[in-house]
Amino acid sequence: MNDVVAPPATASHADKVPLKPLGKVLAVTSGKGGVGKTFVSANLAAALAKRGYKVLVLDADLGLANLDVVLNLYPKITLHDVFTGKAKLEDAILPAPGGFSVLLAGSGMVEYSRLTPEVRNEFLRIMEGLVPHYDVVLLDTGAGISDVVLFAVSLASEVLMVATPEPTSLTDAYATIKVLVGQQQRHRVRLIVNQATRPGSGAAITRQLQQVLDRFVVSEPGRGVKLVHLGDIPVDAEVRQAIMRRHLLMQAVPTCPAGQAIMQIAGALQSDVIPRP
Amino acid sequence: MPAPTDTSIDLTTLRLDDALALLRHDGRPGPQQPGESPSDYLQRVVDSLCELSLKDPLTGLGNRRHFLAVLERAIEAVARSGDSMLLLLLDIDHFKSINDRHGHLAGDQVLQAVAQCLAGCVRPMDTVARYGGEEFAVILPSCRPLFGRAVAERIRRTIAALDIAAAPLLNVQVTVSIGGAYAPEWVRSTADLWIERADLQLYRAKTGGRNQVHLEQPQELAVSAEEKGLLFGALDLDAATAADPDTRVNA
C-alpha cells in the first residue's frame, strides 16, 4: 500500500509546474446536495485504482467536508494544516481503503470557505504540487455554485455532474451546468445519474437536459455544450448499508449492482477521458 | 547548467553593425562608452534590442508581441488573485477612408495622435499596445466594472474630441469603436479566448453604428420558469421514483 501515497512535492518543485495543464483532474459536482457526490468520488476512485490508476481524491468541499465520514478516516493532519502552514503537503496525504490516496479537508476549514486571494493561491499551489504525481485527481467539491465550488471546478479538465432522477436535483444540475458554461466556457459536462430506478432513465434524462441546454445555453458564439451520459448507478440496498456502516462499497460489496455500475463508469472514463497510464 | 568555460568576449569579432544601426535609428546611444566593460556593453545592446522588439515603431506603444506577453502573464495573475481585469480592443472608425482620401502619411499622423491620446487616458499601470493596423489594445488591471465603463467612455470621448493635424492645412477628427471583456476567473482559460470575447464586443460596437463602447455583460445564469418547465417535459420521473427503491431492488 505504500506506493499509493505520492512522493513529496516540495515547494520548489511545485513552483516549476506550469499553471495551465491541470489535465486528468476531474471535478465531481452536483448543484444539489445529498445526491451522492462524495459516495461517487470515493467509490469511483476505488474503481479507478482497481483498474491500475494511481488516484488521489481531494476533499474540495472546504466548508462542509465529509469525505472523512464516508471513508471513516480521521487523520491528525489535514488540508487545513497545509493551508495554515502547520504541515507539509505530503504529510496530509494518506492511503484510503480502496487503494487510492486522499487529502482530507478536516474541520476548521470553515474559515476557508470564502474565496480570498490567499485561498486561491494556496489551492493552486497544492494542486500544482499534487497533479504531477497521480494519474487521476478527483475533486470532491461542495454542493451549490458558491465561488469556492466554481473555483475548484475551474481547476479540473473534466466535470462529472452527479444527479438523481428527481426534479430538484435535475434543476440544480442544469443550473450548475449553465453557470459552468457561461463562466468557464465548458463545452462538455459528463453526467452520472445516481439512484437510478430503472434502466435507461439516465440516458433519457441526459437527452432531456441536452435539449434544454441546446435551446438556452451557449458557451461561445455558435458553440453549445455537450452533455455526455457517463452511466447510471442503480438504487441498491447495499449502498445504504455500506454508507451506514461507513464501509467503502467498492471494497465491501464490489459485485452488487451499484458496485458493478461504478466499475463500468470507471471503464467509460478509461476509454474516453483518461487513457491508460 | 554547466558554467561557461570561456567568458572573454572579443567585441571586434562580433558583427553588431545592424543591431547598432537599429538602435541608433531609435535614438539610443550605440557605441561602447569609455570605461564600459565588454560584457556590460553587450548586455546593454541586448537589453536595448529586447526593448525594441516589443515596441511599435510608428506609435511608440507596445506592439502585438508585447501585448500578448502581458496578457499571458495577466491570465496567470488573475487566476491567483481573482483581480478584476479588463481588456479593451479599440478600432479607429473608417480609417481606410482617411488613408484613401489624404494618403498614408496623414493616416500615420492619425495613428500617432490616437496612440498618444490613448496612453494619456489610462493609468501608468495599464498596458497600451498597437494590436494591428488601426487596432489598439489596453489591459487594465484592478479595474472594477463601473470604472471599466467610465474609462472606456472617457477614451472614446477624448479621441472623438481630438483635432488631429494630419497634414499641413488638414485637420481631421476620428472616432473609435471599443469592445471590452473582463478576465475570466477561470484558471485554464487562454489569452486567445479572452481576446476573442473582447473582439466580439468590438464587432458589436462596429455593427451597432461605431463610435461606441460595448463591454461584455455578465451572462444571465439564472434558470427561467420556461427552462424549468421544459426540463421534465418528456420525462416520466414520477413512474421512475414512485415505487419504494428498496423493495424494487429486493423484488
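The model is predicted.

The sheet of chain A is open and holds eight strands. Their order is β3-β4-β2-β5-β1-β6-β7-β8, and the pairing is mixed. Strands β3 (93-96) and β8 (226-234) of chain A stand at the edges. Each has a single partner strand, so one side of each is left without a neighbour in the sheet. From one strand to the next, the twist averages 25°. Strands of a sheet pair through backbone hydrogen bonds, and the pairing can be parallel or antiparallel.

Strand β1 of chain A covers residues 25-29. In the strand order, β1 sits between β5 and β6. Four bridges join β1(A) to strand β5 of chain A (residues 136-140), and the two run parallel. Four bridges also join β1(A) to β6(A), again in parallel. Individual residues show how these pairings are made. A:Ala27 faces A:Leu139 in β5(A). A:Leu26 stands opposite A:Leu138 in β5(A). On the β6(A) side, the bridge partner of A:Leu26 is A:Glu158.

Strand β1(A) is mostly covered, with five of its five residues buried. The side on which each residue lies can also be assigned. A:Val25, A:Ala27 and A:Thr29 point one way from the strand. A:Leu26 and A:Val28 point the other way. Both sets are buried.

Which strands does helix α8 of chain A touch? Helix α8 (residues 167-184) touches β1, β6 (158-163) and β7 (188-196) of chain A. The direction of α8 makes about 160° with that of β6(A). Helix α9 of chain A (residues 201-216) packs on the sheet as well, touching β7 and β8 of chain A. The direction of α9 makes about 155° with that of β8(A).

A helix pair links the two chains. Two packed helices are described by the angle and the distance between their axes. From α6(A), the contact is made by A:Pro117, A:Arg120, A:Asn121 and A:Leu124. From α3(B), the contributors are B:Ala79, B:Arg80 and B:Ser81. By class, the contact has three nonpolar, two polar and two charged residues.

Chain B has 10 helices and seven strands. Of its 251 residues, 29% are buried. Residues 24 or more positions apart account for 67% of the contacts in chain B with a separation of 6 or more.

One residue of chain B was examined individually. B:Gln112 lies in helix α5 of chain B (residues 104-121). Is B:Gln112 buried or partly exposed? It has 16 C-beta neighbours inside 10 Å, so B:Gln112 counts as partly exposed. Leaving aside neighbours within four places in sequence, B:Gln112 is in contact with B:Leu58 and B:Thr59. B:Asp100 is 12 residues away from B:Gln112 in sequence. In space, the C-alpha atoms of B:Gln112 and B:Asp100 are 17 Å apart.

Technical notes: Residues numbered from 1 in each chain as written. Chains lettered and ligands numbered in written order. Predicted model: local features only at pLDDT ≥ 70, side-chain atom pairs only at ≥ 80, totals over all residues. Buried ≥ 20, exposed ≤ 12 C-beta atoms within 10 Å, placed from the backbone. Contact = placed C-beta atoms within 7 Å. Pairing = 2+ DSSP bridges. Axes fitted to C-alpha atoms, helices over the stretch in contact; angles between N-to-C directions. Nonpolar A, V, L, I, M, F, W, Y, C, P; charged D, E, K, R; others polar.
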